Amino acid sequence: PVAQVVAGRSLFRNGMLLKSGDALERLAQVDTVIFDKTGTLTSGAITFENRDDFTPAERSLIAGLAVASRHPLAIAAARASETKIIIAATEIDGKGIEAAYQGDVVRLGSAAFTGADSAGDDDKMELWFAIGQAKPRRLIFSDRAHDDAADAVSDIADTCRVIMLSGDRLSAARHIAEKVGISEFHAGIDPKKKYGIVEQEMNAGHRVLMVGDGVNDAVALSQADASLAIASGTAVAFDCAMGAIASADPSLAA
């Protein structure tokens with residue numbers, strides 16, 4: 001107990017809060033660290049790059065859809081509009097958001113969800129916006145890895161496997177994975193698949209630490225042997241984790 005108090009106090013001074021009494025023992029057994037990408041390895045300060053390709057009215061409708069979601073790209077889209085159309089929107093996990101508006105179904109989400117022929121061919125993060133039967137249009141977003149994410153991953157990799165999970169398409173996920181030095185990663189992952197990957201690693205005999213910040217990470221955080229949430233992330237992630245990193249800085253997890 002004395003060792004736990006001393007260690008817990010030291011960790012707290014360095015930006016990490018442990019909520020579980022057996023957190024130190026569980027962390028000591030970890031051999032595999034799984035990171036969420038956006039808002040964990042990256043800054044989460046996402047920019048809606050091509051907002052000016054949409055009219056103010058279109059941005060208002062996009063924002064009206066986006067506020068129904070806590071997905072980082074949806075939040076960025078909502079913030080990019082000066083106004084928001086009030087609309088009864090429904091989020092479909094892992095796909096996007098839809099609503100009825102002026103006799104049409106409007107959607108914001110993945111290429112497949114909105115009916116786009118194909119995703120973009122660059123490494124940008126994206127959402128697609130569709131009104132009725134009109135051709136879906138692409139929203140382009142950018143984010144950047146934390147300045148010391150690569151150093152943190154390198155330190156952790158000395159003793160543990162490191163895996164990155166992302167809901168983004170392959171090219172966007174690969175771009176960040178290469179920036180931070182992670183060779184093992186999964187793209188296009190929804191909450192159910194995140195849970196499944198954590199479970200698969202545990203069933204294979206690995207001791208897994210999951211690090212994430214969003215609603216989409218909650219089930220994976222609750223499933224893992226050990227889990228840390230980014231304190232600036234969602235309350236759901238914080239509640240499901242055994243501890244929290246006070247700053248969205250992955251070097252603290254090292």
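The structure is a predicted model, in which local features need pLDDT of at least 70 and side-chain atom pairs count only at pLDDT 80 or more, whereas totals for chains, interfaces and linings use all residues. Residues are numbered from 1 along each chain as its sequence is written, and side-chain values use heavy atoms, with hydrogens and water left out.

Aromatic rings of Phe, Tyr and Trp (its six-membered ring) were taken as a pair if their centres lie within 6.5 Å, planes under 30 degrees apart being counted as stacked, those over 60 as edge-to-face and the rest as tilted. By this rule the count comes to three aromatic pairs. One of them joins F54 and F129 in an edge-to-face arrangement, with 6.4 Å centre to centre and 70° between the planes. This pair links distant parts of the chain, since F54 belongs to the loop between β3 (47-48) and α4 (56-66) and F129 to strand β7, 75 residues apart; helices (H or I, at least four residues) and strands (E, at least two) are DSSP runs numbered from the N terminus.

An open sheet of seven strands was found with the order β1-β13-β12-β11-β2-β9-β10 and mixed pairing, two strands being paired if DSSP finds at least two bridges between them. The edge strands, each pairing on one side only, are β1 (16-18) and β10 (184-186), and the twist averages 20° from one strand to the next. Within this sheet, strand β2 (residues 32-36) pairs with β11 in the parallel sense over four bridges, and I34 stands opposite M210 in β11. Helix α8 (residues 170-180) lies across β9 (161-165) and β10, running at about 150° to β10; contact here means heavy atoms within 4.5 Å, while axes are lines fitted to C-alpha atoms, for helices over the stretch in contact, and angles run from 0 to 180 degrees between N-to-C directions.

A search of the whole structure finds 18 salt bridges, each defined as a side-chain nitrogen of Lys or Arg within 4 Å of a carboxyl oxygen of Asp or Glu. Among them, R138 forms a salt bridge with D122, the closest N and O atoms being 2.6 Å apart. Because R138 lies in strand β8 (residues 137-142) and D122 in the loop between α6 (111-114) and β7 (125-131), this pair ties together parts that are 16 residues apart in sequence. R138 is buried, with a relative accessible area of 17%, whereas D122 counts as partly exposed at 27%. R138 also forms a salt bridge with E126, again with the closest N and O atoms 2.6 Å apart, and this pair links R138 in strand β8 to E126 in strand β7, 12 residues apart. E126 is buried, as is R138.

The side chains of D225 and R207 meet in a further salt bridge at 3.8 Å, N to O. D225 lies in the loop between α10 (218-223) and β12 (226-230) and R207 in the loop between α9 (191-203) and β11 (208-212), 18 residues apart. D225 counts as buried at 17% relative accessibility, while R207 is partly exposed at 40%. Salt bridges that share partners join R51, D52, R59 and E82 into one network.

Definitions and conventions
Buried means under 20% relative accessible area, exposed over 50%, partly exposed in between (1.4 Å probe, protein chains only).
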